[in-house]
Amino acid sequence: MARAGLTPERLTREGAELADEIGFDQVTASALARRCDVRVASLYSHVRNSRDLRTRIALLALEEMADRAADALAGRSGKDALVALANVYRDYAREHPGRYAAARLRLDPETAAASAGVRHARMTRALLRGYDLDEPDQTHAVRLLGSVFHGYVATELGGGFDHSEPDSQESWSRTLDALDHLLRTWPAPNETNHG
């Protein structure tokens, strides 16, 4: 990439590609400069530092996943919507492991509030309306789904299911069946505080 072609957007895309190739935790301004065959100083008129670059990659990944999720959820409800959303996260993680890791980056509150993360939360809540959950149970369910989706995907990407039967796809399908059942039969609050 010629120096004249450097823009924040192009550097973010190059950084995202680099993340998929070498891992998000390895993405730095110096690694990106080597990839683009420029000096690190050339990057700093477009990105402030490695943290700024990593944040930009995270925002890109959140946006890409939100766009995929919106397309996948269109016209779906109930279990169909649950499976569609879950598969968006899993498929994206398999295709773009570095970007997927970037999407988990902790953002400052202002950046998070302006990010596509808000769209993810809205879509998850819209999905949950099909299960007739009121607050605070809806928030509990959002947290549960995020934990299960991301926990499963992280374990799978890390090779945690590679050496056992049944196949991971079968477990994934059964996990989504179980989540659907749980959401349809959500337990009433217990009077005892477990926290």
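L176 counts as buried, because its relative accessibility is 3% and the cut-off for buried is under 20%. This value, like the others here, comes from a predicted model. L176 sits in helix α10, which covers residues 168–184. Which residues does L176 touch, leaving out those up to four places away in sequence? They are L82, V83, A86 and F149. V148 lies 28 residues from L176 along the chain. The C-alpha atoms of V148 and L176 are 9.4 Å apart.

Now move to helix α9, residues 137–157, where H150 is found. Is H150 buried or exposed? H150 has a relative accessible area of 16%. That is under the 20% limit, so H150 is buried as well. The side chain of H150 makes a polar contact with the side chain of Y100, at 2.3 Å. Beyond its neighbours within four places in sequence, H150 is in contact with Y89, Y100 and R104.

Next come the helix pairs. Two packed helices are described by the angle between their axes and by the distance between those axes.

Take α8 and α9 to begin with. Their axes are 10 Å apart, at an angle of about 115 degrees. The crossing of α8 past α9 is right-handed. On the α8 side, the contact uses T124, R125, L127, L128 and R129. On the α9 side, Q138, T139, A141, V142 and L145 meet them. By type, the residues of this contact are five nonpolar, three polar and two charged.

Helix α8, residues 117–129, also packs with helix α4, residues 50–73. Here the axes are 9 Å apart and the angle is about 25 degrees.

Which residues form the contact between α4 and α8? From α4 come L62, E63, M65, A66, D67, A69, A70 and L73. From α8 come G117, R119, H120, M123 and L127. Eight of the residues in this contact are nonpolar, two are polar and three are charged.

One residue links the two pairs. L127 of α8 meets α4 residues, and L127 is also listed in the contact of α8 with α9.

Note on methods
Residues are numbered from 1 along each chain as its sequence is written. This is a predicted model: local features need pLDDT of at least 70, side-chain atom pairs count only at pLDDT 80 or more; totals for chains, interfaces and linings use all residues. Side-chain values use heavy atoms; hydrogens and water are left out. Helices (H or I, at least four residues) and strands (E, at least two) are DSSP runs, numbered from the N terminus. Buried means under 20% relative accessible area, exposed over 50%, partly exposed in between (1.4 Å probe, protein chains only). Contact means heavy atoms within 4.5 Å. Axes are lines fitted to C-alpha atoms, for helices over the stretch in contact, and angles run from 0 to 180 degrees between N-to-C directions. Ala, Val, Leu, Ile, Met, Phe, Trp, Tyr, Cys and Pro count as nonpolar, Asp, Glu, Lys and Arg as charged, and the others, Gly among them, as polar. A polar contact is a pair of N or O atoms within 3.5 Å; within protein, one must be able to donate a hydrogen and the other to accept it, and residues adjacent in sequence count only if both atoms are side-chain atoms. A crossing is left-handed if the near helix is turned anticlockwise from the far one by less than a right angle, and right-handed if clockwise.
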